[in-house]
Amino acid sequence: MSKNNETMFRQFAEQRRLNAAFSHDLRTPLTLLKGHATMLLSFIPKGLVSQEEILDEISVMSKNISRLEKYVNAMTNLYRLEDIDIPRQQITFHSLIDNFNNTAEALCYDKHFSITASGDNITLFINLDTVMQIYENLLSNSIRYAKSDIAISVVIENNNLVISVSDDGCGFKNIEIEKATLPFYKSSKDISTEHLGLGLNISKILSERHGGNIQIANNKAGGACVTVKINCNES
């Protein structure tokens, strides 16, 4: 019973954080939309804007509407993560490494990567789709900030699959280490409107659903290092 209560409280706290982050991130596009709409409503009747300026304003408004749609879709998907079923299938350790290598070759087209795998070719009991989603999130995050090199480590420790993705970028600031897995959190260095800041949050949720956890740190050279532990037992 206590375990069920703990899970319920954790999910409730996570949902509150998610709602707060979602509300915060909605403010910017909504404020921009309101500002542009107010300007058009005020200036168009007075003939103070040209057709070209009107089209420019509508274009900006359209981009912010697209941002809102992305946030809403992201929220919907995040809520579903707590409820999706995660059945485990059998896969050998070497087959999983092959999957990791193929994904890295496809994504790291402008970065150099290396994979270090340590472990016998044992049978793992994991949900491959979930593990690959976590891995792709970690790798994509590293690609975004790496200067040129990404190092991937995969080991088996105490019935856990341990995946670490490290890079030669500028790493996490102390405050970012604490907040990196929060929903919609983005580094101060990230000015992209396409990146929603959900990858590490999704990885945290999925790794916990799979009996594991996520750790955010910097490597010895100062670059980012994100490590995920995933239980790979049969039960």
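**A helix, a salt bridge and a loop**

Mentor: Let's begin with α4, where T130, V131, M132, I134, Y135, N137, L138, L139, N141, S142 and I143 are buried. Buried here means under 20% relative accessible area, exposed means over 50%, and partly exposed lies in between (1.4 Å probe, protein chains only). Keep in mind that this is a predicted model, where local features need pLDDT of at least 70, side-chain atom pairs count only at pLDDT 80 or more, and totals for chains, interfaces and linings use all residues. Residues are numbered from 1 along each chain as its sequence is written, and side-chain values use heavy atoms, with hydrogens and water left out.

Helices (H or I, at least four residues) and strands (E, at least two) are DSSP runs, numbered from the N terminus. Helix α4 covers residues 128–145, and its 18 residues should span 26 Å at 1.5 Å a residue. The expected span is 1.5 Å times one less than the number of residues. The end C-alpha atoms of α4 are 26 Å apart, so the two values agree.

Now move along to helix α6, residues 199–209, which holds both K204 and E208. These two form a salt bridge, with their closest N and O atoms 3.2 Å apart. The term means a side-chain nitrogen of Lys or Arg within 4 Å of a carboxyl oxygen of Asp or Glu, and the structure holds one such bridge. K204 and E208 are four residues apart, about one turn of the helix. An α-helix has 3.6 residues a turn, so residues three or four places apart point the same way. K204 is buried, at 17% relative accessible area, whereas E208 is partly exposed, at 27%.

Our last stop is the loop between β4 (149–157) and β5, where N158 is found. N158 is not a glycine, yet its phi is positive, about 50 degrees. N159 sits in the loop between β4 and β5 as well, and its phi is also positive, near 65 degrees, in a residue other than glycine. N158 counts as exposed because its relative accessible area is 73%, while N159, at 43%, is partly exposed. N160 then belongs to strand β5, residues 160–167. N160 is buried, with 19% relative accessibility. Apart from neighbours within four places in sequence, N160 is in contact (heavy atoms within 4.5 Å) with V155, I230, N231 and C232.
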